[in-house]
Amino acid sequence: MISFSQVTKRFPGGHEALSGVSFSVEQGELVFLTGHSGAGKSTLLKLIAAIERPTSGVVSVSGQNVGRLSRLAVPYLRRNIGLVFQDHKLLFDRSVIENVVLPLDIAGIDRRESLKRARAVIDKVGLLPREKANPVSLSGGEQQRVCIARALVSRPALLLADEPTGNLDAGYAADIMSMFRDFHQVGTTLLIATHDERAISALGGRTLHLNQGKIVEAAA
Amino acid sequence: MISWLRHQKHALTAALNRLGTQPVSTLLTALAMGVAISLPSGLYLGLVNLSQVAGQLPAQPEISIFLDARISDAQKQAIGARLKQSDIAEAHFVPKDKALAMLSASQDLSDITAGLTQNPLPDAWVVQPHGTSREELARVAGELGKLPGVAETHLDSQWAERLQAILAIGRAGVWLLAGLFAIALIAISGNAIRAQVLARRDEILVSRLIGATDRYIRRPFLYLGALQGLFGGLAAIGVLAIAGGYLRVPVAHLADLYGSSFHLIRPTAIEVVSVLGLTAGFGWIGAWLSVTRALRQVEGTH
């Protein structure tokens, strides 16, 4: 599903976030990405979603060379990837359901069908009673669940999560992680950047450890 | 195709919502546009009205023929015979005594004529030719001027030609002004949309991350620009309607003094629709320029 081959990302100014990284993730796999902050976890995820482009090497997703993707093709790649952000990136000028329905609007799906699907996925993350609420009135954990609902509403084959539990206390974090396990069980490929050791041991799965831009694979 | 229509509808609703949530700034922008557009369109309407005035004035130009003081009777008869030919519609003779009497009758000049020891005026014919084209008038005047005993001919169509020339300048001015204000319109719209884009930076960034194309992001702003332009056009027509209502009575009064039934002409439906279409179009262009530029700036800030 994902394969990195000798991928290096150097930022303007000379900082090398990733140096010669190679690995691959099979379809349906659950993989954790660990390493201290600044080790290159976010950069690696951004390369997969074509938010950043590699300086050298090949990043491929479902057989597509993402680093060479034209600007016009990038949106269509992203529609197949669910993104979960540490800071949620919700829009506070609209309700929970309007946030979740956004990817379907973008894909041009019939409004009524979209709302039905959005409601189903909001139900799955346990926020159906709050669907009309403004996300600003939700707790951090609830906001993160809205973000996850938005990432999943278009039923992507691949879910990328960058520190999804980074700002949450242990109870919420465990909730979120068990949600990820459910998605893994229905066949979604997950790549989760985290340093929540408890979550990793609870869920199992492979761990990729990043250290100063280099990968140190460790079986869990 | 269906999803394209869905996108259009979605973008239009979004644009209408955005306008609705900011009624004051929408109104102010529409007013700024309306005042700007009302200037060239007002000038245009003024010219249409002036052309109508020019059309109502006696279009029949006259040629005055002044006879030589030492003209012979035979020459007089020859001229009279020439003026009976088919290219002359009407001719009447004004003897010099009658001309002096007419001059004396007019109040301002009676003092001057009273001091005259002899009549300095020549005998004259006032002639209306059949043809009214410029070439035909010049030909007839030239021909009559060459007759023996004719001292001078005066073609009395100059004022009409001058009026036409002034109107032509006015029309050129309308287009010049319209061009300038179209640029102003693009600038006003672009500026309004730029503020909108900046206010929606987060939405644009997030939409990009979850797979929105540039076209998807741009579309509501384009509708917004077009709608804003449309409202500007409506405001301009409102301004003109108010100005027309304000001018109607004094214009009618002036026309009355001239014994004319002239009244102000309203813009036709086609003209109104054209103004609205053009303002919407220029609003759209301004929005496109602005949002395309802003998208490129947002690009670098992931």
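Two strands pair if DSSP finds at least two bridges between them, and the close-up views below, all taken from a predicted model, start with a strand that has bridges to two others.

**View 1. Strand β7 of chain A and its bridges to β6 and β8.** Strand β7(A), residues 158-162, is joined by 5 bridges to strand β8 of chain A, residues 189-193, and the two strands run parallel. Strand β6 of chain A, residues 81-84, is joined to β7(A) by 4 bridges, and this pair also runs parallel.

View 2. Strand β7(A) is mostly covered, with 5 of its 5 residues buried. A:L158, A:L160 and A:D162 lie on one side and A:L159 and A:A161 on the other, and both faces are covered.

**View 3. Helices α5 and α6 of chain A.** The axes of helix α5(A), residues 140-152, and helix α6(A), residues 170-185, come within 10 Å and cross at roughly 15 degrees. Because angles under 35 degrees count as roughly parallel, this crossing makes α5(A) roughly parallel to α6(A). The crossing of the two helices is right-handed. From α5(A), the residues A:G141, A:Q144, A:I148 and A:L152 meet A:Y172, A:D175, A:I176, A:M179 and A:F183 of α6(A). The residues of this contact divide into 6 nonpolar, 2 polar and 1 charged.

**View 4. A:S95 in the loop between β6 and α3 of chain A.** A:S95, which lies in the loop between β6 and α3 of chain A, has 16 other C-beta atoms within 10 Å and is therefore partly exposed. The C-alpha atoms of A:S95 and A:K132 are separated by 5.2 Å, although these residues are 37 residues apart along the chain. Leaving aside residues up to four places away in sequence, A:S95 touches A:E131, A:K132, A:A133 and A:N134.

**View 5. The side of chain A that touches chain B.** The contact takes 14 residues from chain A and 15 residues from chain B. On the side of chain A, helices α2 (74-78) and α3 (96-106) each supply at least two residues, and α3(A) gives the most, with 4 residues. The residues of the side of chain A that touches chain B divide into 8 nonpolar, 1 polar and 5 charged.

Terms used:
Residues are numbered from 1 along each chain as its sequence is written. Chains are lettered from A and ligands numbered from 1 in the order in which they are written. This is a predicted model: local features need pLDDT of at least 70, side-chain atom pairs count only at pLDDT 80 or more; totals for chains, interfaces and linings use all residues. Axes are lines fitted to C-alpha atoms, for helices over the stretch in contact, and angles run from 0 to 180 degrees between N-to-C directions. Angles under 35 degrees count as roughly parallel, over 145 as roughly antiparallel, 65 to 115 as roughly perpendicular and the rest as oblique. A crossing is left-handed if the near helix is turned anticlockwise from the far one by less than a right angle, and right-handed if clockwise. Two residues are in contact if their C-beta atoms, placed from the backbone, lie within 7 Å. Ala, Val, Leu, Ile, Met, Phe, Trp, Tyr, Cys and Pro count as nonpolar, Asp, Glu, Lys and Arg as charged, and the others, Gly among them, as polar. A residue is buried if 20 or more other C-beta atoms lie within 10 Å of its own, exposed if 12 or fewer, and partly exposed in between; C-beta atoms are placed from the backbone.
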